[in-house]
Amino acid sequence: MRKPLKLKTRMRMITFVMLAVVIILNTATIVLYISSSLKENASQSVRSVSQQTLITFDNLLDSFDTMSQLPLMDNGIFEILNKDYEACDVKERKFQMYQDMDTVTAKIYMEMFYKNNYVYSVTIIPFNTDLIYSKQRYCRPVKAEGVKERQWFLDICKTSGRKTELLCQRTDDLYSGEESIISIARLLNNPMKEKDLGVMRIDVAVKDLENIWNLQNLPEGSKIMVVNGQEEMLYTSLEEEEEITQIL
């Protein structure tokens, strides 16, 4: 028969087992704490990057909003938008219209394109002429046919013009490219005469937003989607076939 362990030996074994349990519990506690801390730090880092990204995006939209007021603040453009071409001499009318178009286009370039690299295109659709004032990154001509019947244009015409409207991500419909864009648009009006003068739209290419949403600062595999208050998509880094897994 196996001899019973001496009391001293049993006490040593019990002490050893208790120490082992304590060490295991302490180790597990430390591991859980470190893991929790790492997860919390990672979450805070993601939240910080996301918050800073949205601030940058908001600042970009604010700069576009300021730009959209140029036609109302610049006396030269404002006078052109208010001009009655029908009162001009027939022989001089076309010349005057094209001369004004050159004037407005030059100011669009100097005050918008030259000062903001994110601008993809600027378009002013006046109501006093069939000409359209435009500037586009690749110098593509504007597709003017049917522009005043497009839904986004009709929707902008129903607004007051006191603020810009944010148009959701779409394929560029004003130029010959197939660039994915988001836009802000404003109804331009003369408040003193209660007269609508035209519609202005400023576009930014979605691919340029990758410079704002730097995925390298986020965990591997992160995707971004930005929606407005109506849950309409403004921007997404998801491919069409991918499922939506994250919303900022």
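Asp65 is partly exposed, with a relative accessible area of 22%. The term covers values between the two cut-offs, as buried means under 20% relative accessible area and exposed over 50% (1.4 Å probe, protein chains only). Asp65 forms a salt bridge with Arg186, and the closest N and O atoms are 3.3 Å apart. A salt bridge is a side-chain nitrogen of Lys or Arg within 4 Å of a carboxyl oxygen of Asp or Glu. Asp65 lies in helix H1 (residues 7-67) and Arg186 in strand S4 (residues 180-190), so the pair ties together parts that are 121 residues apart in sequence. Helices (H or I, at least four residues) and strands (E, at least two) are DSSP runs, numbered from the N terminus. Arg186 counts as buried, at 5% relative accessibility.

The model is predicted: local features need pLDDT of at least 70, side-chain atom pairs count only at pLDDT 80 or more, and totals for chains, interfaces and linings use all residues. Residues are numbered from 1 along each chain as its sequence is written, and side-chain values use heavy atoms, with hydrogens and water left out.

The structure holds 11 salt bridges. Side chains of opposite charge can pair when their charged atoms come close. One of these salt bridges joins Asp74 to Lys107, with the closest N and O atoms 2.8 Å apart. This pair links distant parts of the chain. Asp74 sits in the loop between helix H2 (70-73) and helix H3 (75-82), while Lys107 belongs to helix H4, 33 residues apart. Asp74 counts as buried, at 17% relative accessibility. Lys107 counts as partly exposed, at 26%.

Another salt bridge connects Asp203 with Arg201, the closest N and O atoms being 2.8 Å apart. Asp203 counts as buried, at 0% relative accessibility. Arg201 is buried too, with a relative accessible area of 1%. Salt bridges that share partners join Arg150, Asp173, Arg201 and Asp203 into one network.

The overall fold comes next. The protein has five helices and seven strands. From the N terminus on, the elements run α-α-α-α-β-β-α-β-β-β-β-β. Of the 248 residues, 36% count as buried. The protein exposes about 16000 Å², and carbon and sulfur atoms supply 55% of it. Accessible areas come from the Shrake-Rupley method with a 1.4 Å probe, and for residues only the protein chains shown count as cover. Contact means heavy atoms within 4.5 Å. Among contacts between residues at least 6 apart in sequence, 56% join residues at least 24 apart.

Five strands form an open sheet in the order S2-S1-S5-S4-S3, with antiparallel pairing. Strand S2 (133-136) and strand S3 (165-171) stand at the edges, each with a single partner strand, so one side of each is left without a neighbour in the sheet. Neighbouring strands of this sheet are turned by 20° against each other on average, direction ignored. Axes are lines fitted to C-alpha atoms, for helices over the stretch in contact, and angles run from 0 to 180 degrees between N-to-C directions. Two strands pair if DSSP finds at least two bridges between them.

Six bridges join strand S1 (residues 121-126) to strand S5 (residues 195-205), and these strands run antiparallel. Within this pairing, Ile124 has Met200 in S5 as its bridge partner. Helix H4 packs on the sheet and touches S1, S2 and S5. The direction of H4 makes about 40° with that of S2. S1 and S2 also run antiparallel, joined by four bridges. Ser121 stands opposite Gln136 in S2. A hairpin joins S1 to S2 through six residues.

Helix H4 spans residues 90-113 and includes Tyr109. Tyr109 counts as partly exposed, at 36% relative accessibility. Together with Met110 and Tyr114, Tyr109 forms a nonpolar patch on the surface, with about 350 Å² of accessible area in total. Patches are made of residues with over 30% relative accessible area and no salt bridge: like charges are joined within 9 Å, nonpolar side chains (Val, Leu, Ile, Met, Phe, Trp, Tyr) within 5 Å.

Cys157 is found in helix H5 (residues 151-157). Cys157 counts as partly exposed, at 29% relative accessibility. Not counting residues up to four places away in sequence, Cys157 touches Phe127, Leu187 and Val199. Cys157 and Val199 are 42 residues apart in sequence and 7.4 Å apart in space, C-alpha to C-alpha.
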